[in-house]
Amino acid sequence: MTADEEEGGAPTPAEAPAESKAELDRAFEELYRTHLRDVYSYSYYRVGNHHDAEDLTEQAFLQAYRHFERARRESNGRPLRPWLIRIAHNLASNYHRDRSRRPEAALDAVEPPSHPHGTERVVEGREELRDVIERLQELPDDRREALIMRFALGMSNREIARALGRTDGATKVLIHRAIKQLEELMHPETVDD
Amino acid sequence: MTEAADRPLDFERLLADALRPIEPPEDLATRMETMLTSIAEQAAAELSSWADELSDGELQALRDPRNWVRPVAAVAVGGAAAGALVLVGLRQRRKSSGLRDTAEQLLRDLRP
């Protein structure tokens, strides 16, 4: 299927050649294996605890399974990670709306990684990483979510744009501003402007 | 100048360090498999009991498209169940096509 078909007139579900159930099953298995960690990581950074992150991950994959055939048909061969993360994103938004609360200030059990530095540098580094996580919670939702997608999941601007339903340009600006704001929050004395 | 130029890169590196991917707990996959197995078994039981109930007269009646709602719904559930077994099969390579084959065979048999 070509990009022209995607833009000009992609076949409707009824017109598209039916994909066998076995092919769909294999594709979903691949999606699950490849992106379980992505969905879990995103959910965890959004809700701030492992228990709810697990629930959200389960819900995301069940919902993904329910709509997988259609999503695959309409993706025209594009990667489905943004679609999957969008599902997790919507579920996390519902979670916060339902409970009217933001992620808890301290994310549990996130131990900053160790680095091949001296002991003092390691201690300093761990404090700084904790500070990043705490300051991240002070960002507006869309900026925080974009940074999670970029840095925790390694998504490209285009993938993030698809997941958030924005243009590539708007996403690039969003990420730039998010990084700048976070840096200002952490080091107000060293940032220009 | 150099310090200022390096700062964004350093900060992005810091962000990448802080926002590491989080490995899902071992029991998450197990719980998902259990949940999906439950869905699959429920659907399989429903499909099986419906097929067992069919008499010759009912099979005859099913040649009328107006009576297809129930089998189509059952096949849809069965298809979902077979798909759910894919996840279950991530650790245990269970045969997931049996239910689907049964459902598809059933549909073929029902066609006039």
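**View 1. The helices of chain B in the predicted model.** Chain B has 5 helices and 0 strands, where helices (H or I, at least four residues) and strands (E, at least two) are DSSP runs numbered from the N terminus. From the N terminus on, the elements of this chain follow the pattern α-α-α-α-α. This is a predicted model, in which local features need pLDDT of at least 70 and side-chain atom pairs count only at pLDDT 80 or more, while totals for chains, interfaces and linings use all residues. Residues are numbered from 1 along each chain as its sequence is written, and chains are lettered from A and ligands numbered from 1 in the order in which they are written. Of the 112 residues in chain B, 24% are buried, a residue being buried if 20 or more other C-beta atoms, placed from the backbone, lie within 10 Å of its own, exposed if 12 or fewer do, and partly exposed in between.

**View 2. Confidence along chain B.** The mean pLDDT of chain B is 63, and 23% of the residues score at least 70; pLDDT is the predictor's confidence in each residue, from 0 to 100. Where pLDDT is low, the predicted coordinates should not be read in detail. For the complex, the predictor gives an ipTM of 0.74 and a pTM of 0.66.

**View 3. The contact between chain A and chain B.** The contact takes 33 residues from chain A and 27 residues from chain B. On the side of chain B that touches chain A, helix H1 (2–18), helix H2 (26–53), helix H4 (69–88) and helix H5 (97–110) of chain B each supply at least two residues, and the largest share, 7 residues, comes from H1(B). The residues of this side divide into 17 nonpolar, 4 polar and 6 charged, where Ala, Val, Leu, Ile, Met, Phe, Trp, Tyr, Cys and Pro count as nonpolar, Asp, Glu, Lys and Arg as charged, and the others, Gly among them, as polar.

**View 4. The largest nonpolar core.** This core has 49 residues, and those with the most contacts inside it are Ala60(A), Leu84(A), Ala88(A) and Ile148(A); a nonpolar core is a set of buried Ala, Val, Leu, Ile, Met, Phe, Trp, Tyr and Cys residues joined through C-beta atoms within 7 Å. Among the elements that each supply at least two residues of this core are helix H2 (21–47) and helix H6 (141–152) of chain A, together with H1 of chain B, and H2(A) gives the most, with 11 residues. Leaving aside its neighbours within four places in sequence, Ala88(A) is in contact with Val39(A), Tyr42(A), Ser43(A), Leu56(A) and Ala60(A).

**View 5. Helix H6 of chain A.** Chain A has 8 helices and 0 strands, and buried residues make up 34% of its 193 residues. H6(A) is mostly covered, since 10 of its 12 residues are buried, including Arg143(A), Glu145(A), Ile148(A) and Phe151(A). At 1.5 Å a residue, the 12 residues of H6(A) should span 16 Å, which agrees with the 16 Å between its end C-alpha atoms; the expected span is 1.5 Å times one less than the number of residues. Gly154(A), whose phi is positive, near 70°, follows H6(A).

Technical notes: Two residues are in contact if their C-beta atoms, placed from the backbone, lie within 7 Å.
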